[in-house]
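Dear colleague,

Please find below the structure for your records.

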Amino acid sequence: TLPLPNQEGKTKIMLLRVLKKTKKRNLFVNNTCISASIKSYCSQKLATIEIQNNRGVPSLTLPLPNQEKCVFPLHMDETIRELVYDIREEEPSVKKVVFSSLGGVRISQASEVKDIIGSDFLLSINDQNFHVVASPDTLAADVLGEVEMRNLLERVYFSKIRKMIEQDTRHHMTFSEFEKWCKDFNLNDEQISSFIKSLHNVGICYHFHNHPELKSVIFLKPEIIAEKLTNSLGVQSIKKSDMAQKALLDSILPKYEELTLKKNELDNAADRRASFWMKSILGFLVVEFAILGRMVWWEFNWDIVEPISYFVTLATVMGGYTFFVFTNKEYEYEELRNKIKNRALRKKYLAEGFNWKEWNELHTQVTDLKRSLKLD
């Protein structure tokens, strides 16, 4: 019988599994190993390996078959199969890697690393067997190391102090008050000095630490100071956003101007086409007036021409009503001219392959940028 569940019994169970695969048999009577060859296995102590913390990441230092030691990081989202692959990549002579519990139950390689490092387990590499010990201190720090945690806390403190400065409605505060804020978050003098310089450089606030009269004051509204200074000097300040907009405007202007030049040519041609048709209609009306006049005073008389003039007028009314039905616009001379121009313009755009939608998008963008930059 095996003494379970103490450590001695667990070790013997593992040895049974090893000897079984080597075609040997193992018998225990009163907790004593009978075979002399097996006694060495029973008396052999497993090498212990402890999971260490390497810069916040749990790691395992394994003695490889080539007598070298290698450190393998234990990533929480990694599977055992990936860890085994890393071991074999590091040492090609490794043919067999088996993870098992202390009770001798083999652990599937599909299991994740985070599921096994919470407790002790057994590791077999070729013919070498190890007892891997999970240190509670290491596992407590497996997410963030001491240095990483300190840096994270400092970033949180800096963010809180910056938010306090941005939400402060005053125009200035004393440097001693700022120091008190920082020391409430346990920041030392070096961190405070570096922090205020960073805030000054990015424009969150102004602190002139080299000026003997201004070093005791922190200006909380730098944009007001910049505006007053530029106004007093009579210069125009340029924001970083304005510079970006100016660069964007300069990049799209060549394409926009090229398309605008082409559009103006097509617009002028369509305008001339509309003018031609409007003048043609005027000519038609003059000819119509002349014909009716000759018929009244020379060829016939008014009694005969009167019904003809009535039908001519009715035809004109019918034409105006037809225009309204198809365009939903009043029959006016200006609307008629625009209709003729737009129809001619559409034909010319298609014939010349002009991308009107692209020009319209560029025109809107250029207009908005010029308005934002206050350009004519």
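Where is the place of asparagine 186? Asparagine 186 lies in the loop between helix H6 (175–184) and helix H7 (189–202); helices here are DSSP runs of H or I with at least four residues, numbered from the N terminus. Its phi is near 65°, a positive value in a residue other than glycine. Asparagine 186 counts as exposed because its relative accessibility is 69%. The classes are as follows: buried means under 20% relative accessible area, exposed over 50%, and partly exposed in between, with a 1.4 Å probe and protein chains only.

Before the remaining findings, a word on the source. This is a predicted model, in which local features need pLDDT of at least 70 and side-chain atom pairs count only at pLDDT 80 or more, while totals for chains, interfaces and linings use all residues. Residues are numbered from 1 along each chain as its sequence is written, and side-chain values use heavy atoms, with hydrogens and water left out.

Salt bridges

The whole structure holds eleven salt bridges, each defined as a side-chain nitrogen of Lys or Arg within 4 Å of a carboxyl oxygen of Asp or Glu. One of them joins aspartate 271 to arginine 337, with the closest N and O atoms 3.1 Å apart. This pair links distant parts of the chain, since aspartate 271 belongs to helix H9 (residues 240–299) and arginine 337 to helix H11 (residues 333–352), 66 residues apart. Aspartate 271 is partly exposed because its relative accessible area is 26%, and arginine 337 is partly exposed at 24%.

Arginine 170 and glutamate 177 form another salt bridge, with 3.1 Å between the closest N and O atoms. Together with Asp168, these residues are linked in a network of salt bridges. Arginine 170 is partly exposed at 32%, as glutamate 177 is at 25%.

A further bridge connects arginine 294 with glutamate 299, again with the closest N and O atoms 3.1 Å apart. Arginine 294 is partly exposed, at 46%, and glutamate 299 is partly exposed, at 45%.

Surface charge

A patch of negative charge on the surface gathers Glu68, Asp77, Glu82, Asp86, Glu89 and Glu90. Such patches consist of residues with over 30% relative accessible area and no salt bridge, like charges being joined within 9 Å. Glutamate 82 is in helix H3 (residues 80–90) and counts as partly exposed because its relative accessibility is 39%.

With kind regards

Notes
Patches are made of residues with over 30% relative accessible area and no salt bridge: like charges are joined within 9 Å, nonpolar side chains (Val, Leu, Ile, Met, Phe, Trp, Tyr) within 5 Å. Accessible areas come from the Shrake-Rupley method with a 1.4 Å probe; for residues, only the protein chains shown count as cover. Lys and Arg count as positive and Asp and Glu as negative; His and the chain ends are not counted. The place of a charge is taken as NZ of Lys, CZ of Arg, CG of Asp or CD of Glu. Helices (H or I, at least four residues) and strands (E, at least two) are DSSP runs, numbered from the N terminus.
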